[in-house]
Amino acid sequence: ENEMDVILMKGMIPVFVSCKNGTVDSDELYKLSVVAERFGGKYARKVLVASRLDEMGYKAEYIRARAKDMGIKVVEKIDEMDEKELRNAVAKFWK
């Protein structure tokens, strides 16, 4: 039921990444949070990669705000990034 698309490690810090190519609802944030906390512990980082969040209108603002409250970093329009921008975005996963 709850699966992660990508799990990254840097040293002892796990990063759990959920990728969404369409609309995102708040359930996805909770799923990401539960899996990261259960398997990554208190040091886990959580990232939501959403390529179409800007097309969701006012719902996108709710998702962004709720993700921030839950400690989830949101990365948008990753499909439009060049290689340098992508490397910079990934490097921020651990910050």
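These legends describe close-up views of a predicted model. Residues are numbered from 1 along each chain as its sequence is written. Local features need pLDDT of at least 70, side-chain atom pairs count only at pLDDT 80 or more, and totals for chains, interfaces and linings use all residues, while side-chain values use heavy atoms, with hydrogens and water left out.

**View 1. Helices α1 and α2 pack together.** Two packed helices are described by the angle between their axes and the distance between the axes. Here α1 covers residues 26–40 and α2 covers residues 58–69. (Helices are DSSP runs of H or I, at least four residues; strands are runs of E, at least two; both are numbered from the N terminus.) The angle is about 20°, and the axes lie 10 Å apart. (Axes are lines fitted to C-alpha atoms, for helices over the stretch in contact; angles run from 0 to 180 degrees between N-to-C directions.) That makes α1 roughly parallel to α2, a term for angles under 35 degrees. From α1, S26, L29 and Y30 make the contact (heavy atoms within 4.5 Å). From α2 come Y62, I63, R66 and A67. The contact residues divide into 5 nonpolar, 1 polar and 1 charged. (Ala, Val, Leu, Ile, Met, Phe, Trp, Tyr, Cys and Pro count as nonpolar; Asp, Glu, Lys and Arg as charged; the others, Gly among them, as polar.)

**View 2. The largest nonpolar core has 16 residues.** A nonpolar core is a set of buried Ala, Val, Leu, Ile, Met, Phe, Trp, Tyr and Cys residues joined through side-chain atoms within 4.5 Å. Buried means under 20% relative accessible area, exposed over 50%, partly exposed in between (1.4 Å probe, protein chains only). V24, L29, L48, L53, I63 and I72 have the most contacts inside this core. Two or more residues come from each of α1, β3 (45–50) and α2. Helix α1 gives the most, with 4 residues. Leaving aside neighbours within four places in sequence, L53 touches V24, A60, I63, R64, V74 and E76. Apart from this core lies another, of 8 residues, including V49, A89, F93 and W94.

**View 3. S33 is a buried residue of helix α1.** Its relative accessible area is 8%. Beyond its neighbours within four places in sequence, S33 is in contact with K46 and M70.

**View 4. S18 sits in strand β2 (residues 13–20).** S18 is buried, at 5% relative accessible area. Setting aside neighbours within four places in sequence, S18 contacts D5, L32, V47, L48 and V49. The C-alpha atoms of S18 and E28 are separated by 8.2 Å. Along the chain, these two are 10 residues apart.

Terms used:
Parallel < 35°, antiparallel > 145°, perpendicular 65-115°, else oblique.
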